Amino acid sequence: MPKRVDPDARREQVADAVIEEIVEHGLRAVTLARISARTGLSIGSIRHFFGDNLREVMRFTLGMLTQRVTSQAFTLSDDPLERVADVLTFAAPTTEKQHREHIAFTEYRVLARTDPELAAEIAGTAQLGTEVMRSLLRDALAGRRIDEETFDQDANQLFTLIEGLSFSSALRATPLSEAEVRAIATATVARLRAAYPLVDAAPTTPTAPTTPTAATAG
C-alpha cells in the first residue's frame, strides 16, 4: 500500500526549498526545476500541490514566511518596559534560521515595490507590527502623560527599528547578536519613556528674570 503523503508537509518542504534558493541565488532565479532539484520531488509533483503556476509556489512561500515571522511563541517579561525590549529582540534575526528567512522576506519586500499583490500582503504584516508596538508602548507608558502625536511618532520609530534590524541583517553573512540587539532595544525604550513626564509630576514653572533694584544696581 503506497505511503500517504501529507499535502501540508509537502508544501512546506517546497517552501523551505524556495527560501534556500532565494538565499543562495536570489528570488528571481527561483524556478520549478531548481525547486525540484533541491527537494528531490518531480516537477509534476510540485504542480500537483500548487498547480502549473510558479507564482502560486512563491505566494505560498511568502505566506509561510509571514506566519513564521509573526506567529512564533516566546516568553514576555512581566515588566511592561521589558516586554517592548523582548519583542524588539525577538523580531530581530538572531539565529541562523531566522537570518535566512529574513533574507528571503527582504527579497520579497523589494519585489513588492512593483508588485501590487505582494505589496498588499506585506503591508498587512507591517500594519500588524505597528499595532503590536503601539499596544506595548502604551502599556510601558502607564502613569505618564501621553501626547498622542508624539506617541504615534515613537511607536513608528520602534517598528522602524525592527525593520532596520531586519534589512541590515539581510546584508550580513551572519545573524545579529542577541545581546547587542537587546542592548539597543532596552536603551531605545528607556530613552523614549523618559521623555514622557509622570502624570503626578508638578509642571515646571519658568523662573522670572530678576529686575535690578536701585540697591543692587549700585
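T94 is buried, at 18% relative accessible area. Buried means under 20% relative accessible area, exposed means over 50%, and partly exposed lies in between (1.4 Å probe, protein chains only). The residue sits in the loop between α5 (80–91) and α6 (96–112). Leaving out residues up to four places away in sequence, T94 touches T89, P175, L176, S177, E178 and V181. Contact here means heavy atoms within 4.5 Å.

This is a predicted model, in which local features need pLDDT of at least 70, side-chain atom pairs count only at pLDDT 80 or more, and totals for chains, interfaces and linings use all residues. Residues are numbered from 1 along each chain as its sequence is written, and side-chain values use heavy atoms, with hydrogens and water left out.

Now the overall fold. The protein has ten helices and zero strands. Its pattern along the sequence is α-α-α-α-α-α-α-α-α-α. Helices (H or I, at least four residues) and strands (E, at least two) are DSSP runs, numbered from the N terminus. Of the 218 residues, 35% count as buried. Take the contacts between residues at least 6 apart in sequence: 72% of them join residues at least 24 apart. The protein exposes about 12700 Å², and carbon and sulfur atoms supply 55% of that area. Accessible areas come from the Shrake-Rupley method with a 1.4 Å probe; for residues, only the protein chains shown count as cover.

Next, the interior. In soluble globular proteins, nonpolar side chains tend to be buried together. A nonpolar core is a set of buried Ala, Val, Leu, Ile, Met, Phe, Trp, Tyr and Cys residues joined through side-chain atoms within 4.5 Å. The largest such core has 26 residues. V14, V18, I22, I35, I46, V57 and Y108 have the most contacts inside it. Two or more residues come from each of α1, α2, α3 (43–50), α4, α6 and α7. Helix α1 gives the most, with six residues. V18 is in contact with V30, I35, V57, M58, T61 and Y108, setting aside neighbours within four places in sequence. A second, separate core has 19 residues, including L137, A155, F159 and Y196.

Charged pairs come next. Side chains of opposite charge can pair when their charged atoms come close. A salt bridge is a side-chain nitrogen of Lys or Arg within 4 Å of a carboxyl oxygen of Asp or Glu. The structure holds 21 of these bridges.

E24 pairs with R38, with the closest N and O atoms 3.0 Å apart. E24 is in helix α1 (residues 7–25) and R38 in helix α2 (residues 32–39), 14 residues apart. E24 is partly exposed at 45% relative accessibility; R38 is partly exposed at 33%.

D115 bridges to R55, again with closest N and O atoms 3.0 Å apart. D115 lies in the loop between α6 and α7 (116–140), while R55 is in helix α4 (residues 54–71), 60 residues apart. D115 is buried at 12% relative accessible area. R55 is partly exposed at 30%.

R182 and E82 meet in a salt bridge at 3.6 Å, N to O. This pair links helix α9 (residues 178–194), which holds R182, to helix α5, which holds E82, 100 residues apart. R182 is partly exposed at 28% relative accessibility, and E82 is partly exposed with a relative accessible area of 28%.

Salt bridges that share partners also join E20, E21, E24, R34, R38, E96 and R100 into one network.
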